[in-house]
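The report below treats the charged contacts, the nonpolar core, the aromatic rings and the surroundings of individual side chains in turn. The sequence and structure are shown first.

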Amino acid sequence: MENSSILDLIMKFLPLLIPLILIQLGLMITALVDVLKREKTKGPKWVWIIVVVFVNIIGPIIYFVVGREEE
C-alpha cells in the first residue's frame with residue numbers, strides 16, 4: 001500500500017474516529033475520577049483502574065455498572 005492511499009484511508013474514516021475517541025476519553029476520565037474519589041469499590045481499586053484504562057469503551061461502562069459500591 002502506498003503512503004498516499006493510507007493517508008486517504010485515514011482521512012476517509014477520521015470523521016467517524018474522532019467522536020469515538022472523544023467518547024472513550026470522556027468515559028475513561030470520568031470513571032478514573034470516580035474510582036479515585038470513591039472510598040469503596042467492589043474489588044480492589046487498582047484492578048478497576050486497569051480495566052478502565054485498558055478495556056477501551058467497555059471498561060468504564062463495566063465499572064459504572066458493576067464496580068461501584070453504593071455509599
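## Charged network

In this predicted model, Arg-38 counts as buried, since its relative accessibility is 9%, and Arg-38 forms a salt bridge with Asp-34 in which the closest N and O atoms are 3.1 Å apart. Asp-34 lies in helix H1, which spans residues 3-37, and at a relative accessible area of 16% Asp-34 is likewise classed as buried, because the limit for that class is under 20%.

The structure holds 2 salt bridges. Asp-34 also forms a salt bridge with Arg-68, with the closest N and O atoms 3.3 Å apart, and this pair links distant parts of the chain, given that Asp-34 belongs to helix H1 whereas Arg-68 sits in the segment after H3, 34 residues apart. Arg-68 counts as partly exposed at 27% relative accessibility, and salt bridges with shared partners join Asp-34, Arg-38 and Arg-68 into one network. The side chains of Asp-34 and Arg-68 also make a polar contact, at 3.3 Å. When neighbours within four places in sequence are left aside, Asp-34 is in contact with Tyr-63, Phe-64 and Arg-68.

## Nonpolar core

The largest nonpolar core has 7 residues in all, namely Met-28, Ala-31, Val-35, Trp-48, Val-51, Val-52 and Tyr-63, and the elements that give two or more residues to this core are H1 and H2. As a general background, nonpolar side chains in soluble globular proteins tend to be buried together.

## The two faces of helix H2

Helix H2 covers residues 45-54, and its buried residues are Trp-48, Val-51 and Val-52. They lie on the same side of H2, because the arc that they cover around the axis is only 95 degrees. The face of H2 turned away from this buried side carries the exposed residues Trp-46 and Phe-54. Just after H2, Asn-56 takes a positive phi of about 45 degrees.

## Aromatic rings

A pair of aromatic rings is described by the distance of the centres and the angle of the planes. The count of aromatic pairs in this model comes to 2. Tyr-63 and Phe-64 form an aromatic pair with 5.4 Å from centre to centre and 55 degrees between the planes, an arrangement classed as tilted, because only angles under 30 degrees count as stacked and only those over 60 as edge-to-face.

## Surroundings of Val-66

Val-66 is found in helix H3, which spans residues 58-67, and with a relative accessible area of 45% Val-66 is partly exposed. Not counting residues up to four places away in sequence, Val-66 touches Lys-42 and Trp-48, and Trp-48 is one of the buried residues of helix H2.

Notes:
Residues numbered from 1 in each chain as written. Predicted model: local features only at pLDDT ≥ 70, side-chain atom pairs only at ≥ 80, totals over all residues. Heavy atoms only, no water. Buried < 20%, exposed > 50% of the residue type's maximum accessible area, 1.4 Å probe, protein only. Helix = DSSP H or I, 4+ residues; strand = E, 2+ residues; numbered from the N terminus. Arc of directions from axis to C-beta. Contact = heavy atoms within 4.5 Å. Phe/Tyr/Trp six-rings, centres within 6.5 Å; stacked < 30°, edge-to-face > 60°. Polar contact = N/O pair within 3.5 Å; in protein donor to acceptor, adjacent residues only side chain to side chain. Core = buried A, V, L, I, M, F, W, Y, C linked by side-chain atoms within 4.5 Å. Salt bridge = Lys/Arg side-chain N within 4 Å of Asp/Glu carboxyl O.
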